[in-house]
Structure formats: C-alpha cells, structure tokens
Amino acid sequence: MARRASLSYWLHYNAIVLLAALIFIAMFAVYLILLPRGISTGIMVTAANKGVLLALVAAAQTFPVLTGGIDLSVGAIVIMTNCLASNYVNGNPLHIAEGCALTLICGLAGGAINALAVVVGRLQPIIATLASSTVFYGISLLFRPEPGGDVDDDFASFMTGAIGWIPISLIILCALLLLVWLPFRTSMIGRSIYAVGSAESAAYMSGIHVGRAKAASYILAGFFSAIAGLLLTLISESAQASMTNAGDLTLNSIAAVVIGGTSLFGGVGGLPGSILGAFILRTIGDLLFVLNAPALWQPLFQGVVLLVAVGLGALPLLRVRNRLEAFR
Amino acid sequence: MPWLAQWLRRHEPSFLIGCGCILLILFIGGIYNSHFLTLPYLLQQLQVASYLGIVAAGAMTVILLGHIDLSVPWTMTTSAMLATGLAGNFAHGILALPIALAIGAAIGLANGLGVAYVRIPSMIFTLGMNAVLQGLMVLYTGGSAPSSSATPLGIWLSNVHIIPGIANAVFCWVAVSAGMIILLRFTVLGRTIYAIGNRERAAYLCGLPVRGAILGAFMLAGIASAFAGLLLTGYAGKAYQGMGDSYLMPAIAAVVLGGTSIAGGHGTYKGTVMGTILIVVLQSVLAVMQMPDAGRQIIYGVIIFSMLMLYGRSPQNAR
Amino acid sequence: ETYAPKCFAPLNANTKTINFPAKKGPYKIGFANGFIGNGWRVQMLQTLRAYAETPEMKPQIKELRIVSVGTDVSAQIASMDNFINAGMDAIIVDANSPTAFKPVLRRAQQAGVLIVSFDNIFDGAEKYNNLIQVNQDQYAIGKLSAEWLLHNMKEKNKILEVRGVPGNSVDRDRHQGFRDALKEGGNPQVVEVVGNWDDGAGQKAVADALAVNGSFDGIYTQGGSIGVTHGLLDSHKPLVPIAGEGENGFRKLIASHSKEGLLGESIGQSPALVAVSLKAAVAALQGKPVPRKSGSRCLKPITRPSNPARIISRI
Amino acid sequence: METMPPLLELKGVTKHYGAVTALSEGNLVCRSHTIHAIMGENGAGKSTLIKIIAGVVSPSDGQIFLDGKPISFTGPTDAQKHGCVCVFQELSLVPDLTVAENIVMISPPRKFGLIDAKAQRREAEKLLALVGCEDIDTRARVKDLPLSRRQMIEIAKALSFKPRLLILDEATSALTAEDVGKVYALLRRLRQEGTCILYISHRMHEIRELADVCSVFANGRHIQTFRHGEHTEGEIVKMMIGREISHLFPSKPWRNFEDDKPALEARNLIWEPRLRNVSASVMPGEIFGLGGLDGQGQREFLLALFGCLVGVSGEILVDGMPTYFRSPANAKKQPNALALIPEDRKSEGLMLKMSVAENLTAATLMQCRNGLFVSRTKEREAVENIVHRMQIKAIPDLPVETLSGGNQQKVVIGRWLLANPNILLLNDPTRGIDIGTKQEIYRLLRELADNGTTIVFYSTDYDELIGLCDRVAIFYAGQIIRTLKDGDITEEAIVANALNVTQAEEAQAL
Ligand SMILES: Nc1ncnc2c1ncn2[C@@H]1O[C@H](COP(=O)(O)OP(=O)(O)OP(=O)(O)O)[C@@H](O)[C@H]1O
Ligand SMILES: Nc1ncnc2c1ncn2[C@@H]1O[C@H](COP(=O)(O)OP(=O)(O)OP(=O)(O)O)[C@@H](O)[C@H]1O
Ligand SMILES: [Mg+2]
Ligand SMILES: [Mg+2]
C-alpha cells in the first residue's frame, strides 16, 4: 500500500517529465526508423554531441529558473568559456587539464558575477544577466578577436567520440546527473533553491539562506555553461566570439527548460526534464533531415513544433476545474 | 529656481538619477568631441530613439502585466515586410499603415490568446511565435520577390521634417507616448493591466476583465512593434529580414532602466521614455568613440550595471 | 587543365587542383545551410533548387537534401555528420564559422565524402584532399574597395569605415584588405564604426559619425549599404564616394542620386555561388580536376559607362 | 521564581517603517512556564513586536534581553538557534515542497551530508503526531492541502526547533474547533515543560481558556501587563480600542422567511469530490451561515456560486431565474450583482503594491468612469465615502501593503460594498480581525441584510455563526447535512453536526 502511494505521488509530481520523455522517445524513434542507412555509432555520437551541448546549457539555465529567476547570460558564458578554452586546451595532458580547469574557473567566475549582481546588488535577474551578457561578450572578444583556435586534436576526437556504442558526451552528461544533480537534489542547498523559488518570503521566514541559495544557482549556471563551452570547444576545435550564437543558445535553453516542465515561476521542475527538453529541441532538426522537409518550410516547421511542444506543457491547465488555479 | 526644486521633488529618485546619467553621458561625450552637445546631434538621437521608444512603449504594457514579449523582432519585420510588399505605391502607399497595424494586432492577438487562454508562459510562447513568424517570412520572400522598398507614407512618417530639424518620427513617438499615458493612467484597461501585474488572481476575483486585458496588452504591444517597423522602413528606405533584431533587448532594458518592475504591476511611462533615451545616447556615444569592440561591449554592460545599482534595485527585505 | 576554367578560376597561382576519385552518378548531395533568415539566403536556396532542376544537373543528382540549422555551429557540424552518416556523396556547406569544421572535415575525409564550401570560407583547409572552396576572396573585396575609394575621393584625408559583425572572419578579412590597401595609398585617417551588416544599424552609425565628425571624404561599408547611403543622404553633408556591398537597392539608390554627384561602388557576393558549388561538386565527383579554391578571378569589375555606380559582379 | 531573570525582556523597542511608527517603546517581560497573551486591535503593532522577537525585522531602537543578557538577532535562523520560534500570521510554508520537507526545512536529518529522506519523514511524522495530526501524509505537497492543515503543519514545524519561547501569531485563526482543541492541549503540555508561549489572538474565548498573563497594546504602545483575571473582559476591550463593546452582535430581527421567494437558490450542485449534491435556498435579506469543519466544501460552494469553478453540474437560480456564471466578471453584473469576499486577502484579495484607493475601486471601475476614461473625481468620491463608512485607517494614496491585517480586510470588504451587491458571499471575512472591527463588520452585514441584501457567510468561528446568522447550513464531506434555524443554532448542535455525530449515532441505533 505504502509503495503504491509513493509511486502515485511520484507519477503525480513527475507527469510533465514523463510526458517529455515520451515525446522524445517517439521523436527519436521516428528519426531512427527513417534513417536512410540505419543506426550506427556515428549517428548516435552526432545526436549525442549536439544534444548534450544544448542539454548542458539548459541544465545551466535550470538552476536560476528554479529559484524563480532567469539567466540570460548562459549563452554568453558558453561563448566566453569557448573562446578561452580555444586558446588553452592543448599541449601535453597536464596542459590540457589545466586548460579545462581554467575554463571551468572562468565559467564559475562568470556565474559569480551574476550572483553578486543578483544577491548583493539586488538586481532583477533578467536585466542583470542581460547586462552581464554584454560584458561576457566583450571578454570573449578579448579572448578571441577573430575566429580560430588551437585545440588538441586527439583529446577533442576522443571526447567527442564513443566508447563502443556509447558516446562519451552522453557518459559525461550522465555522470553530471549522478554526481551533481542527485546529491544536489538531496542537499540542503538544493532544498533551499527549491524553497526560494517556490516562496521566497516563506523561505526567508523559515530561516533559509535566500541569498546563498540564489548565489549558488547562478554559480552552478556558470559551471554548467562552462562545461558546455568546453564541449563546444571540443566539438569545433575552435571558437568564434558571436553574440548571435550566444543569444540563440540562451533562448533555446529557456525553451528546453520549459518543455522539460520546469516552471518559469520557480520551485517546480528539475534537471532531467531540461535535458529531455534539450534533446527534444535538437531532434526537431534531425526529423527535418530524415523527412527531407522542403528547405523554405523548415524554419516554419521548427517554430510550429516548438509552439506545439510548449503547448503540450500547458495541457494540465486545460484540466483546471477551479479557474482560480489558472491565475497567479 | 523654485520650479526646478519643485520639478525635482515631483519625481522619484530613480527617474532623476536616470536623467542625471543621460546628462553625464552627453557631458563625457562632449569632452571627447564637442559635437555631442550640438542641437542637430541631439535631435538626431531623438529620431533614432523614437523607433526604440515606440517598441519600448509596447514592451512596457506587456511587462507591466508581468509578462514579456520576445516576438518583437519578427513582429516588426513581418509587419514592415508585408506592409511594404502589399501596399506598394498605391495612393502613396497609404495602405501601409493600416496593413502594418492590422498585422501587428493580429500577431498580438495570437500572442494574447496563447498567454491568456492557453496559459503558456509568455516568455516561451512569444519566443515560439517569433520563430513561426520568421518561418512565414522565409516562405513569403522565397515564393516571390516582393517589393520591399519603403512606401512614401512610411518615409513621410519617419524621415520627413514638417518642423525643420525634427523628423516626423519624433512626433509619432510623442503621439504614442500621449496614448500610453492616457492608457496607463486614465483607462480601465490601464488600471486592469497594473492590477494583473500585481496579483492576477485578485484582479480576476474583482471581476476585472483579466483575459481581455492580457489580450489587449499584447495586441497593443504588437501594434507598437508593427508601427515601429513601419517607421523603420521609412528610415532605412526598405523593409528587410532581421530589421527588428536589434530592438528586442534594448527595449526591455529601456523599460527596466526606466524603473518598471520586470515582475509587473509597477512602473511609470515617463521612466520608459527616460530609459529609451538613455540607451540610445549611450549606444551612440560608444559607437562613435574609437575603441576596440571588446571595450565597447564591456563598457556598455558595466554602465548599465552601475546605473541599475544606483537605482534599479529591488526593495530591500523587511530588515 | 582544370574543368570549366572560365568559371572555376583558381584563386591564385599556388592553388592546387583536386582530383577526387570518380564515382558513378547520379549522386546524393546534401546541403548544410546555417542561417536562413535573410533575403540573400532565401534567394540562394531558391537558386540551388532551381539549378538542380536544370536539364544539365537533373540527371546527375539522385537526391538533394537541404537542412538549415540556424546560427549554431554545433548544430551545423551535426548536420554535416548526419549527411556523412547517411552516405551522401558530397556535402555543400555555407559555414557558420571559418574554423569550427576541422573535426567534421576529418571525418568526411575518412568517409570519402566531398565537401564544397562557399560564401564563408574555411581557414587552413589545405590539408584536406576532399575540400573544394568556391569563394570570393574577402580580402580582395576590401582591397578593391579601398583602391576604388582612393581613386575616386577628391580629398584623401578622412575615411569612414563601417564594419560588420565583430568576431566574424568575413569582417576580419575585408577590414584587413581595406586597411592594407589604404596603407599603401597614403594612409589617410580612418574612423571606424560598427554597422553589423545591417541597414538600420549602419544608418544609425553613419548618422552619428557624420554628426560628430562633420564630414568624411569617402565611406566604405561592408554591408547594409542602403542604410549607410541613406545616412549620408539624410545628413545633408557633401556627397562622397561610397564603396558598398552588392545589394540591388544600393545600386538603384546610387543611380537615382547620380545627378547630385553621388558615386558608388558595389561589390557583391552573389547567391548564385551555390550553383557554382553544386556544379563543382558534381564535376569533382565525376573525377574532373577542379581547383581547390576558386572564384576570385571571376571577380571582374564591370563598369557601365551609363551608370555612375561601378558594379562589380562575380560569376 | 520572580527574582530569576525573565526568559526574554524587551525594553523600549521601537520600529519605524518610513514615516509610520509601527511600534514605539514596546516593553514586554516573558517568563517560562507561562502562556502570555498579547492583545490589541488591528495595527496595534503586535505582529511587528513578534517579528522583532523572531529576528525577522530588526528594531529601530530599544533593547532585547535573553536570560538577562542583551542580545540582537541577525535573522530568523539566529533567533531560532536561541530558542525563539514563531508561527507566523502570514504562513511561512513553502508550497512546492512536501510536508516532510517543510517541517524539517532547516535542519533535516542527514546521511553523508545529504538529506536522508526516510529519516526526514519519520521525524516529520513524529512532530505531526505531537500536534495530533497523524492523518497528514508527509509526502503530499503543501500547496495541495487546505489552509487549516497547513496551519497545523506550521505548528509542527515550529516544534522541530525545540523552542523555549514559542510565538503563535493568530495561528489558530484558520483552525477548526477540533484542531483548536488539539492545539490547546499541546500548549498546556509545553507550558508544563517550561516553555514560554506568546499567544496572539483576537478571540476572547481562546484567551479566557489559555492565558496566564496578558499584555495589551494599542497604537503601537504597550498599555499594561496583568495576570489573567485581574481585569474583566470589558475592561480589556476598552484598553484595546478605547471604548466599550456592549453588544458584539447586532440583534437579529424576527422575520419569517418561509413565505418569501428565495433570492439565491442552488439545486443539486455537484463538483466532485468537493461538492456532492448541495442544495440550498437563501431568502432576500437573510444572513445564511455556512458551518462545519474546514474544508468540507464550503469554500467550493461559494466559488461555484461566483462562477469560478469549471464543470459544476446542477442549477443556480437567482431571483428564481436559472443562471450560469462564466466568471466573477459575469457574476457581478447587474441585475444579479453577486460579490465574493475571498478567503486569503494576500493572495486573492489585494493588489498589494497598488494604492488603497485603486484597490477599493477595483471591482467598480466601470461605474467610476466617464466614457472610456476612469474619472478621478468619481473615484475619489467613492473612496472617501467607503473609507469613512468603514472607518478604514489609511491614506488612500499609500500602497495597501502598508496597512495592518484588519484594515487590509476592510479594504477587501469595502471594495465590494461599493458595488452595492444584491448577493454577498463571504468566505471567512473576520479572520485576523480585532474585536472592534468585527463588531463593525457584523453591524454592517446586518444593516445590509435589513436593506434586502442576501448574505451567504462562511465562518470558522462558531460564535459568529451563532450570533449573526439567521440560518446555518452545516457541511460535511461536500454535502449539507443539516440546516439549523433560530433557536437550534447552538454550539452543541453545530459541533455535533460538523463531526457528523448525530448521523453516526442514528446509524448505530439502526
Ligand atoms: N519535492 C519533490 N519534488 C519532486 N518530487 C518529489 C518531491 N518530493 C517527493 N517527490 C517524489 O515523490 C516520491 C516519494 O517521495 P519519498 O522520497 O518520500 O519516497 P521514497 O522514500 O522514495 O519511498 P519509500 O519510503 O517507499 O522507499 C519520490 O520518489 C519523489 O520522486
Ligand atoms: N512593511 C511595512 N511598511 C509600512 N508600515 C507597516 C509595515 N508593516 C506594518 N506596518 C504598519 O505598522 C503598524 C503595526 O502593524 P502590525 O502588523 O504590527 O499590526 P498588528 O497589531 O499585528 O495588526 P493585526 O491584528 O491586524 O495583525 C500598522 O499601522 C501597519 O500599517
Ligand atoms: Mg498582525
Ligand atoms: Mg525515502
């Protein structure tokens, strides 16, 4: 009986994530079935690499969104760390490790700037991160005034390759889920972030360190963005300081987070959903490929699928029987 | 100067600090090059500010609700392209205005329906809408090569000076601003917008037309974007894909720098006007000063940061 | 001797030709497009489809798949990987980045897939024996513009340069070519503003620069030429020569103001480059020798005596 | 005993909010083994005092002594560490976390530095058992629970800190009689164990029942502290509001409603699972009470009448005409003219950052306009009228969030009085309101009823139902199981029916 009840609670609280998982599985299955040459390691690696990249950015976005904030600078941090890494991830293994560490530190520093602005400066996150993203873009231009990069081929090939059938980027993502997300979910800081997002004043009254929770969320966002930047460096073995690219990544990350069932008002959702959301978004492109969609129709198709996907997230609201619940 | 003292007392500190910042930027620009303080330059900034200002006016109605409209870029582009393409030169392209506004309204309606009725978060629905509009415009330009040069009406509204020195676009902005002030201060819709931004549920239980107001606000935002798009065709001489790209984020920044809470329910229109001018002047001064791009970007971000620190902070905790 | 030498002009004397092992047609060809949201790209896609349907091409092509991925580099790399995995014979690409494609080029090389890049070039691509670049030499465009300005300006003191999107290789190359040529021609003072290749942004930047600096002796813009020209016209300052991009509206604008003495030069990157790329892909797959880098010599100044706008078109 | 330093002592504690002085020279001495009642009208500064003790706000002036030593709390956590724990009037629960997570929010049991979910649940269950709420599922999310349950959880959460000084700020205002009993027992037990309890309530009978010592505050000042029983209740009320209250409830007019046509009738309303076949008819000029345990469908009944629920089956008739309301906007229209005073003023009643005036006219904006525009003069008139009529202590141009709870509630009620409703639905409108204001509201309601307004009145306070209502419908599990009338409306009858005792007894008898 108790087991049963636990399961039903779990289903109740994870319905949107499950829905996202089903959508992703359906889309990916269609893709695999329609593949002209069938499934191969190459196919999996390709899908994994681009999916994991967006998934990491979406993961970064998830933390601030959980606190009820938002980070419009995740894309800019990805580009900034990408530009930095393109200079340093080379040489002997020790140098490569140093370069990776430097990249992560750079991302953490970017996150810390946002955290300072939001927590100490008490700025509204949306505008604070908007301002910081231009700063990060400026720094990217310093790191990399023109496109290029010097990245170790072997390391990059290895990290963007596969062990047997399993893409390494996917392994890294799973490792992050296990080593960062699971402990986070059951840690005090994780609980604080959920509490702050759900009801900030109640959290404060209860003695939660609101500032600490918010700061942690932006720093974690910086950290995950830096990992994404590193992955981008390894995928492209170069970097280009591009604001368009940064903006695209940011907007896609928000879309992925929402598709994954994390509420933009905070307090509800989580990393697994965002990751699924990212993979769903990326699979749209793959479907265009296998369906051989007419070139000029593709952008429209992508827009419509995005709208439909986020619309599905709103389905529970159609079941609302108390109209008050539909209003904030 | 008692009037000055009175003027200073009448306005909240954030607004005054913002105005001070504008003067400071111009002053620093003036040290670099005295042309920054000449009337033609300032009037020219006013013209450029009109386009952003009109977009920001629309963005503000939506932000006051506690929502956001990310479909601004392609709303501008779509209405401008369709208006120039469909109106052509028939009767001086007079049809461009109704076409643009109707398209803006239609896009706003779609946004409003998605947000108010289907209740998809606006940030994501309008983002999707933006993508759909882009897709539609790719199809539109791909099917044929529609005319995209500005209609005479668009040029007249935007670039002709009925009063020498001041472009008509400035008067368009003044008209939109008058409309905004009336809307926000004296109409039921305006009051409802503030109420929704404050506490939607309470507004609903008061029997205020919550959904209608959301719909209305998004339509107004769509119309404002479309109007700005049309004016922009007159300024640049044509409608082109991507013409709205550089207006979304600055418009949001202008609204927030003007003291409107991004969570909704709080803010005055004069602040938005101030924020618009601030952004335009800052961009312009930075653009003309010769320095590497990196420096330009960093300084732009840092200045916005510092200004927010001066006055844009959220209220302190009870302590 | 390379195939169709008139069209596939080698970039320079050092350019090697590529002899791709002949395959039996018809071919499966993929096109990995990046961004699609502007008129140039739309026109380019339409050109590609139309060209693939011509009697000359149609029998050669078994399948033409087009994917547009937006501005994201990783997505474009993935789309190329998908083409490789799907067994395409050749992939045409309008690259989002000049440097990001090393890894996927390697994978294409291993898989024996021909890559044809156009519009945006790849840096350091000499080591791949499966890569053809059909392109404009951006450096040369900048250089030609500078030379034309130097020739046409009355005074040679102060020039306004309207740059493109920062951090981009096209911006870098055109700027470099422009500056190098100026250096040789007396090194006049240059005021730089950023126009992002956008008409609105360019116009604003020019208007501001003119308001603050008084006037210039010549203007070079990498793009958004219509806006830049409007900026000059609206300022009621003396009309000076403008070296701009290939927009049709720009050419018309210059022609319509020629009576007032407006002079312009227009160098463009034609969307039809894509057709040349398709032709090059098919030719190479058929085993014909094709230069690894081509296009630059197609860049022939066409000056029509009746038209004050010097129009340089390619291909 | 008296020579020992008191557990907590406040000397001259003052708090200013801008120009408003919420508390001036607050003096208080709290000793262990006592239940110390704090009384005062709305806006007297009670909550402010409590927030200072709990470390939520820092005082502008004055000193706090704990065990005779001066101390200043840096935040709620710090106060909790020193044993000063508060159950707030405005709930401090996080809606999206589970019950267990809320109860042991700050110091959950941990394993390897991470939260041990099982131990956490066990601990939460233990604490819930302490307050007699074993029935609450610790895995449920707080937002899915009714207000009364949440308040019990709040108390359980406070106990997790093992308080030496436990503060309850109107913590019982939303509780059902049954839960109040449990809380009494708990508080007495805690007192026995040495805890000092600061108890804030506007309900006299609760204070009668519990308090050892009483302190009265008025206008932000400490008036007097005395042992319970030293003053009569009349004297206390006078201390609080500066006047005496002779008749709390206005007298009920004797009227026979039987012959009238009902002004509002509900027939077989079903909205599973909260409403199961509810039928009732209310006569014009009647005050129709809704009673029973909290969460038995009363709230949903009111919402259904006001057009807030989707998929209600059954019929609603106004003045004999079948009607269907799509929304409150629809329901408030003439000639039906319904009005609903919502339950939670913070989340459903007020636009907190908007001014008092704007809040007051929110429901009647359409009447306050000239053509398309809102008429400032009409608005001003309406606001002045209602502020005067309801004696709202407020400057109309200030944000409504600066008002005390009672005055905020008056704003919510006043808003709807401006609309001249024919049918007034009230969802527990006197929660957290001082006795003086309550009296005013009762008088107002009776006055409205006498003038023909139909009133449906839900309350968790039995005294109110008894004193004010012409009839009382008792809800149980989504049904009206009994409608009491005239002399039948007694506390015994209400309680018995609320617990559905009579039916159970009847069933046993069968
Ligand atoms: N705050 C929350 N957010 C999302 N899901 C939650 C939350 N709290 C609980 N759940 C879900 O509810 C389920 C039940 O929670 P809980 O941790 O109490 O059960 P359990 O310990 O896994 O079950 P058992 O005790 O039977 O082994 C969890 O698996 C979890 O997924
Ligand atoms: N944040 C604030 N800003 C301005 N004034 C405030 C604020 N909080 C409280 N006040 C004012 O301080 C006074 C005391 O308020 P407080 O909440 O302590 O009253 P209370 O005795 O608890 O009333 P109630 O019984 O209604 O809860 C009131 O006049 C109120 O308007
Ligand atoms: Mg209080
Ligand atoms: Mg467990």
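Contact here means heavy atoms within 4.5 Å. The model shown in these views is predicted.

**View 1. Domain 2 of chain D meets domain 3 of chain D.**
Fourteen is the count on one side: 14 residues of domain 2 are in contact with 12 residues of domain 3 in chain D. Chain D as a whole is divided into domain 1 (8-241), domain 2 (250-337 + 421-510) and domain 3 (347-419). The C-alpha centres of domains 2 and 3 of chain D lie 26 Å apart. How much area is buried between domain 2 and domain 3 of chain D? The figure is about 1200 Å², and carbon and sulfur atoms give 63% of it. On the domain 2 side, Lys332(D), Pro421(D) and Leu444(D) lose the most area to domain 3 of chain D. Together these residues account for 36% of what that side buries.

**View 2. Ligand 2 sits in a shell of chain D residues from domain 1 and domain 3.**
Each of domain 1 (8-241) and domain 3 (347-419) of chain D supplies at least three residues of this shell. In total, 19 residues surround ligand 2. The closest are Asn42(D), Gly43(D), Ser47(D), Thr48(D) and Thr402(D). By type, the shell divides into five nonpolar, 11 polar and three charged residues.

Taken alone, ligand 2 exposes 640 Å², and the protein buries 82% of that. Which elements of chain D give two or more residues to the shell around ligand 2? They are β2 (20-30), α1 (46-53) and α14 (405-417). Of the elements, α1(D) gives the most, with three residues.

**View 3. Ligand 1 lies between chains A and D.**
Here 12 residues surround the ligand. The closest are Trp10(A), Arg185(A), Glu101(D), Arg121(D) and Arg141(D). The shell around ligand 1 divides into two nonpolar, three polar and seven charged residues. Helix α1 (2-13) of chain A and helix α4 (117-130) of chain D each supply at least two residues. The largest share, four residues, comes from α1(A).

**View 4. Chain D side chains reach atoms of ligand 1 at Glu101(D), Arg121(D) and Arg141(D).**
A polar side-chain atom of Glu101(D) lies 3.3 Å from a nitrogen atom of ligand 1. In Arg121(D), a side-chain N or O atom is 2.9 Å from an oxygen atom of the ligand. Arg141(D) places a polar side-chain atom 3.1 Å from a nitrogen atom of ligand 1. Ligand 1 taken alone exposes 620 Å². The protein buries 72% of that area.

**View 5. Chain B and chain C meet at an interface.**
The contact takes 29 residues from chain B and 27 residues from chain C. About 2300 Å² is buried between these chains, with carbon and sulfur atoms giving 53%. In chain B, the residues that lose the most area to chain C are Tyr235(B), Val288(B) and Gln290(B). Together they make up 21% of what the chain B side buries. Elsewhere, chains A and B share the most contacts of the five pairs of chains in contact. Chains C and D do not touch, and their nearest C-alpha atoms are 36 Å apart.

Notes
Residues are numbered from 1 along each chain as its sequence is written. Chains are lettered from A and ligands numbered from 1 in the order in which they are written. This is a predicted model: local features need pLDDT of at least 70, side-chain atom pairs count only at pLDDT 80 or more; totals for chains, interfaces and linings use all residues. Side-chain values use heavy atoms; hydrogens and water are left out. A residue is near a molecule or strand if one of its heavy atoms lies within 4 Å of it. Accessible areas come from the Shrake-Rupley method with a 1.4 Å probe; for residues, only the protein chains shown count as cover. Ala, Val, Leu, Ile, Met, Phe, Trp, Tyr, Cys and Pro count as nonpolar, Asp, Glu, Lys and Arg as charged, and the others, Gly among them, as polar. Domain bounds come from an automatic or database domain assignment. Buried area is the accessible area (1.4 Å probe) that two parts lose on being put together, summed over both. A polar contact is a pair of N or O atoms within 3.5 Å; within protein, one must be able to donate a hydrogen and the other to accept it, and residues adjacent in sequence count only if both atoms are side-chain atoms.
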